[in-house]
Amino acid sequence: MKIFLAQQNYHIGNFADNTKKIIGAIEEAKKQGGDIIVFSELCVCGYPPRDFLEFDDFINRCCAAVEEIKQHADTIAVVIGAPDRNKMGKGKDLFNAAYFLFKKEVKSIVHKTCLPTYDVFDENRYFEPAYEWNVVRFKGKKLAITICEDIWNLGDNPLYRICPMDELMKQQPDMMINISASPFDYTHAEDRKTVVKATVVKYQLPMFYCNATGSQTEIVFDGSSLAFDKHANLCGQLPSFQSALQSFILKDDGTIDGPVIQPAGHVPDDVSNPLSLQENLNIEKIYAAIVMSIKDYFFKMSFTKAIIGSSGGIDSAVTIALACEALGANNVKAVLMPSQYSTGHSVDDAEKLSKTLGNPYEIIPVKNIYDAFLLELKPIFKDLPFDVAEENIQSRTRGNLLMAIANKFGYILLNTSNKSELATGYGTLYGDMAGGIGVLGDCYKLQVYSLARYINRSREIIPQNIIDKAPSAELRPGQKDADSLPDYEILDKILFQYIERRMGPKEIKARGFDAALVDRILKMVNMNEYKRNQFCPIIRVSPKAFGVGRRVPIVGKYLS
């Protein structure tokens, strides 16, 4: 049996484009003599559709797309994902479904059982879990079709009461197909292999796993679709962060024709769970994820040009380099806005960066604007000492200049704040926290430095001085980040324990960190939720990012 995995990048609610992509892959698979072609979860409408699912018109368009796709499932079977209306008269209005199409008919509809409602997932808000489990019969074979989370329930402490594959095994299937929309984080690609392998080992059946690729604002899908034979050998893995169509020949004995990519013994048995921050871990994948996300955000929103405040610091330098890779240097405008507190080398470094990358840049000094603010505020500020108010005026002046240019010329402002700053509130609302999307908001400062070194892996793109010098906001004479924040080598490691690993203060202190410092840092994190709540969407690259996947109260008292 010749089985195709169609790993594609969908656009939520863009039914015409999604349908065109799906039909195009079907026609190509038919030319190559395919028996089955498999697409990803909710491919018809794009994942996650969120509250669009509450619109009847949206569901009608999903159904119309399925009808159109069905006409091309004549000589080949097609597995696609789309919502299915619940006709039982109880429960949620919809099922998350896999449609099995053949001979221009809907031969079977499989409903998702395990509905994730954690981190970035909120499926229980919209969908009813499956009530029944049946194999799909096709060309003498019995197919066990599941949807994403349905195979992530094999642990010692399963999250769900029902394991769909346990139910399907009662009908003695010959193979497994899983359609997924499994988001990327820097550990997840290997974790998927572990879970798919564990499923294959448990049921001793081959598995064809099709994942989506592309970015939907903050959520990134890396693809990396998989094919395992019944002996748990990895026989195929589609590329990461790009669309692909690949076929596999499944033999009657459950093996897959062709070389083994990774023998079962070399595929991890346990999911990765870093116990501490490893700033270099899979940095090349983080780089690829962010570049794809910038590209997709602009393309899917019909934007073309980005603008970035270029300070001569590490965060803006890395953001500019990533944006140039994603959009092309000509489409990235850097604006240097030195004040009287900016050092000469900061301007020189920022200019050198843009000259190396070839992106256009402007220099707009902010001293006169800043002085005008102080002059107008003097009757109110009187002779009060210089403090954060004056610092923030500089940051907001720069934000206003960037947004003015963006509005005038149709640019989208990319935010440069990193995760360490966002965690501790080290940023100015309506100033350096402005932007359409947060490029580095899920990267700790140490990871930003790792990205810089990765960008410079072949040649010096980011000036070495930017990497070497002590980080500074340059909002007062001689200012350094270390004046306000603990050293990033310590700060980031404590933040990781609290944010990613959800450890409490006692557990973190037990790992050898200074008790007073731990208390201070956790207080900073929780006190600044009000700032993060007003922040732009953040490209998610970690297992726990700020934004849609982390929901804590703004006015909570806990640890603050």
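Predicted model: local features only at pLDDT ≥ 70, side-chain atom pairs only at ≥ 80, totals over all residues.
Good morning. Among contacts in this chain between residues at least 6 apart in sequence, 74% join residues at least 24 apart.

Let me turn to the overall build. The chain's secondary structure amounts to 16 helices and 19 strands. Its radius of gyration is 26 Å, close to the 24 Å that the globule rule gives for 560 residues, so the chain is as compact as a globular protein of that length. The C-alpha trace spans about 85 × 50 × 50 Å along its principal axes.

Next, the interior and the surface. Of the 560 residues in the chain, 58% are buried. The chain exposes about 23400 Å², and carbon and sulfur atoms supply 52% of that area. As for charge, there are 65 positive and 68 negative side chains, and the centres of these two sets lie 2 Å apart.

Finally, the cysteines. A disulfide is a covalent bond between the sulfur atoms of two cysteines. How many disulfides does the count come to? With sulfur atoms required to lie within 2.5 Å of each other, the count comes to zero. Cys 163, for instance, is in no disulfide, and the nearest cysteine sulfur, in Cys 114, is 6.7 Å away. Is Cys 163 buried or exposed? Cys 163 is buried, with a relative accessible area of 10%.

Thank you for your attention.

Methods: Residues numbered from 1 in each chain as written. Heavy atoms only, no water. Helix = DSSP H or I, 4+ residues; strand = E, 2+ residues; numbered from the N terminus. Rg over C-alpha atoms; globule rule 2.2 N^0.38 Å. Buried < 20%, exposed > 50% of the residue type's maximum accessible area, 1.4 Å probe, protein only. Contact = heavy atoms within 4.5 Å. Areas by Shrake-Rupley, 256 points an atom, 1.4 Å probe, with all protein chains shown as cover. Lys, Arg positive; Asp, Glu negative; His and termini not counted. Charge placed at Lys NZ, Arg CZ, Asp CG, Glu CD.
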